[in-house]
Amino acid sequence: MKSYLTNRIQYTVVDNVVSNPHPIKTGIPQGSTLGPLLFIVYINDLPQASNFITRFFAGDTILLMSSPNLKTLLHNVNEQLGAIVTWLYNNKLCVNHTKSKYMIFQPNNKKDVEDPHIKIILSSVQDLEQADTYKYLVVIFDKKLTWVPHIQCICKKVSTITGDHSTYKKVCYLSNSFQYLLLICLLTSKLWNY
């Protein structure tokens, strides 16, 4: 383990010109089997830094918070993101702004939250982008939790594999309960295949 984490160097090669080697003082090798596990161990205390419900998978982190009141939710999220940014800074980490998004989940029977003044502030110079859908691991979530984007994606994959391009249209006309059952079956089969 010691040789895996210490006495490592890095250099660059551009047009067959090799730079001088420099020691690596922090971080872990990317692309390794042990890397994701060590990263999770390293960030294991992140959930104690805020009031978010925190979920990890490899290098991905999901932060969840709920409130029956949108203004309260936005205030709490922005306040707790400040605590997260502080924790990241103290642990020599930063947020990938291009991959970080936020989504406001709301019941299907409620009108969309379309307020241009909603801002989730990650830092003094960077607001997060709001997403209507977001792919986490193999599941596509949408803000109404209808599963329609995920089912559409699976139908497109199935029709590509089977060559039957009418599959997508057929599934979209199924009842919601049957679409849900189909989703559970497909997810279960995906999970068992990993």
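**Ground rules.** I'm working from a predicted model, where local features need pLDDT of at least 70 and side-chain atom pairs count only at pLDDT 80 or more, while totals for chains, interfaces and linings use all residues. Residues are numbered from 1 along each chain as its sequence is written, and side-chain values use heavy atoms, with hydrogens and water left out.

**Core.** I looked up nonpolar cores first, meaning sets of buried Ala, Val, Leu, Ile, Met, Phe, Trp, Tyr and Cys residues joined through side-chain atoms within 4.5 Å. For burial I used relative accessible area: buried is under 20%, exposed is over 50% and partly exposed is in between (1.4 Å probe, protein chains only). The largest nonpolar core has 12 residues, among them I43, F52, W87, Y102 and L128. Which helix gives the most to this core? I found that α3 (residues 70-90) does, with six residues. Helices here are DSSP runs of H or I with at least four residues, strands are E runs with at least two, and both are numbered from the N terminus.

**I43 and L93.** I checked contacts next (heavy atoms within 4.5 Å). Leaving out residues up to four places away in sequence, I43 touches F56, T61, W87 and L93. I followed that up at L93, which sits in the loop between α3 and β7. L93 has a relative accessible area of 26%, so I put it down as partly exposed. I also noted that L93 and G27 are 66 residues apart in sequence but 9.6 Å apart in space, C-alpha to C-alpha.

**Salt bridges.** How many salt bridges are there in the whole structure? My search gave two, counting a side-chain nitrogen of Lys or Arg within 4 Å of a carboxyl oxygen of Asp or Glu. In one, K101 meets E129 at 3.6 Å, N to O. K101 lies in strand β7 (residues 101-102) and E129 in strand β10 (residues 129-130), so this pair ties together parts that are 28 residues apart in sequence. K101 is partly exposed at 31%, and E129 is partly exposed at 47%.

The other bridge is D132 with K143, whose closest N and O atoms are 3.2 Å apart. D132 is in the loop between β10 and β11, K143 in the loop between β12 and α4, and the two are 11 residues apart. Buried or partly exposed, at 11% relative accessible area? I wrote K143 down as buried, whereas D132 is partly exposed at 47%.

β11 and β12 run antiparallel and are joined by four bridges; two strands pair if DSSP finds at least two bridges between them. I noted T133, whose bridge partner in β12 is D142. Two residues lie between the strands of this hairpin, and L137 takes a positive phi near 60 degrees.

**Aromatics.** I found one aromatic pair. F141 and W147 form it, tilted, at 5.6 Å centre to centre with 50 degrees between the planes. The rule takes rings of Phe, Tyr and Trp (its six-membered ring) with centres within 6.5 Å; planes under 30 degrees apart are stacked, over 60 edge-to-face, and the rest tilted. F141 is partly exposed at 26%, and W147 is partly exposed at 22%.

**Cysteines.** I got zero disulfides, with the cut-off being a pair of cysteine sulfur atoms within 2.5 Å. C94 is exposed at 68%, while C153 is partly exposed at 24%.
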